[in-house]
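Here are some notes for a colleague who is opening this structure for the first time. Please read them with the sequence and the model side by side.

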Amino acid sequence: MLLCMLLSIFSINGADTIAVQFKQINIRVFIKPPGNLSTVKLKLNLTEMLDRSGFPAEYFMTVPTVFCRDKVCRIDSIKLFWNNIGEYGQFELRPGVTLEKALGKDFSSEDYIKLQQILLDSDSPLKDVDLDMSDESVEGVDARTGATTMNENSTVKGALWTTYTLWHFAHGDIVSIIKNKTAEACDLNQLIVYLKTGNFNYKRFAIQQLKIKKLFDSVTLNEIETAVNANANLTLDAIDYIELAPPTVYFSEIQKLYTSGNERQRVMYLNSLSKLYTIIPEDFFVGLFEQSVQSKSYQEIDKLFNIIESKSLLFMSLNPTVVELLENENKLVARRAYWYLTTQKLNETQNKKLELFKKQNAFLF
């Protein structure tokens, strides 16, 4: 009864529930065991649970966890569940099976709850730990590893190896396997549905798959623009995606995203432009520059000048706008404009403004 209550709690705190499962498909997978338990990959059975439309809804897999004491090891089997993009959701024990910790004590109800909380944390310190199964103290209360010292929130006290094993099964190789299986079933319509969800990880998954599939139709591009404008944390994912698009699409999308983005995002877009193209349309570049002038961001303006200079671009139509920057209230911007203009072919009026700026701002040089 206690275990059933616990699992009910775990389901509430786990990954999003998606759809009622209708059919199961068994998939043979090969997983490297956590730690140095073995160099041979385990042959395990991953079960894909389909919804009524035949689309992957959830996955589960029974994994072994090892508890060792006095040179005697016991293997318990635990069923782990993931949603259809590989996010861990909950665990389940067979009836009558309990987990054991140091001194031969069974897990308490609090231990099970804490274990679930740890397993839900995909960024746990356990990801950087390399445990040695030959260390008999590994299940001890104050167990230490060569990589780090576990604090009391990182593991169930007296059950470090058990916690470690289950966390690495929950967040290890199986995650990419599940993502790939779901991706195989996704068409464009399904990925657009994911882009429109409120779940950040589904949005990221959708953009990554659209990149792999190299889908750059107008509907998809509009949905990605909407997603990025609503959540700036998707900016790098969107950049990775559009960098694979044809040049005309790339420049068009960068211009749209640049217009709607904040300063941090605009710098990211300029970083992409800087590394990607040696030939840049002049009207496109001038448009970005004029927007940066309006935003009064020295970092953006400096990056735009660096792009021109590093790629030896010649944009004569930009000079009038740059000359106006000599009167900018931000003296860093004005001085940066001055040094750029000294490398340009200017008309008589522009040259006079340049000389006047130097005379009136001698303290800047």
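1. A term is needed before anything else: a residue is called buried when its relative accessible area is under 20%. Please also keep in mind throughout that this is a predicted model.

2. By that cut-off, Tyr 250 counts as buried because its relative accessibility is 0%, which is under 20%. Phe 251 is buried too, since its relative accessible area of 10% also falls under 20%.

3. For the chain as a whole, buried residues account for 48% of the 365 residues, and the secondary structure consists of 15 helices and five strands. Where contacts link residues at least 6 apart in sequence, 60% of these contacts join residues that are at least 24 apart.

4. How many aromatic pairs are there? The count comes to 16 aromatic pairs.

5. Elsewhere in the chain, a charge is placed over a ring: Lys 79 lies over the face of Phe 60, at 4.5 Å from the ring centre.

6. Helix H8, which spans residues 235-242, deserves a look of its own, as six of its eight residues are buried and the helix is thus mostly covered. The buried residues are Thr 235, Asp 237, Ala 238, Ile 239, Tyr 241 and Ile 242. Which helices do the buried residues of H8 pack against? They pack against helix H6 (200-213), helix H7 (218-230), helix H9 (247-260) and helix H10 (263-276).

7. For H8 and H10, the angle is about 25 degrees and the axes are 10 Å apart. Angles under 35 degrees count as roughly parallel, and H8 and H10 are therefore roughly parallel to each other. The crossing in which H8 passes H10 is right-handed.

8. Which residues meet where H8 packs with H10? On the H8 side they are Thr 235, Leu 236 and Ile 239, while H10 contributes Gln 265, Met 268, Tyr 269 and Ser 272. Of the H8 residues named here, Thr 235 and Ile 239 are among the buried residues of that helix.

Terms used:
Residues are numbered from 1 along each chain as its sequence is written. This is a predicted model: local features need pLDDT of at least 70, side-chain atom pairs count only at pLDDT 80 or more; totals for chains, interfaces and linings use all residues. Side-chain values use heavy atoms; hydrogens and water are left out. Buried means under 20% relative accessible area, exposed over 50%, partly exposed in between (1.4 Å probe, protein chains only). Helices (H or I, at least four residues) and strands (E, at least two) are DSSP runs, numbered from the N terminus. Contact means heavy atoms within 4.5 Å. Rings of Phe, Tyr and Trp (its six-membered ring) pair if their centres lie within 6.5 Å; planes under 30 degrees apart count as stacked, over 60 as edge-to-face and the rest as tilted. A charge sits over a ring if NZ of Lys or CZ of Arg is within 6 Å of the ring centre and within 35 degrees of the ring normal. Axes are lines fitted to C-alpha atoms, for helices over the stretch in contact, and angles run from 0 to 180 degrees between N-to-C directions. Angles under 35 degrees count as roughly parallel, over 145 as roughly antiparallel, 65 to 115 as roughly perpendicular and the rest as oblique. A crossing is left-handed if the near helix is turned anticlockwise from the far one by less than a right angle, and right-handed if clockwise.
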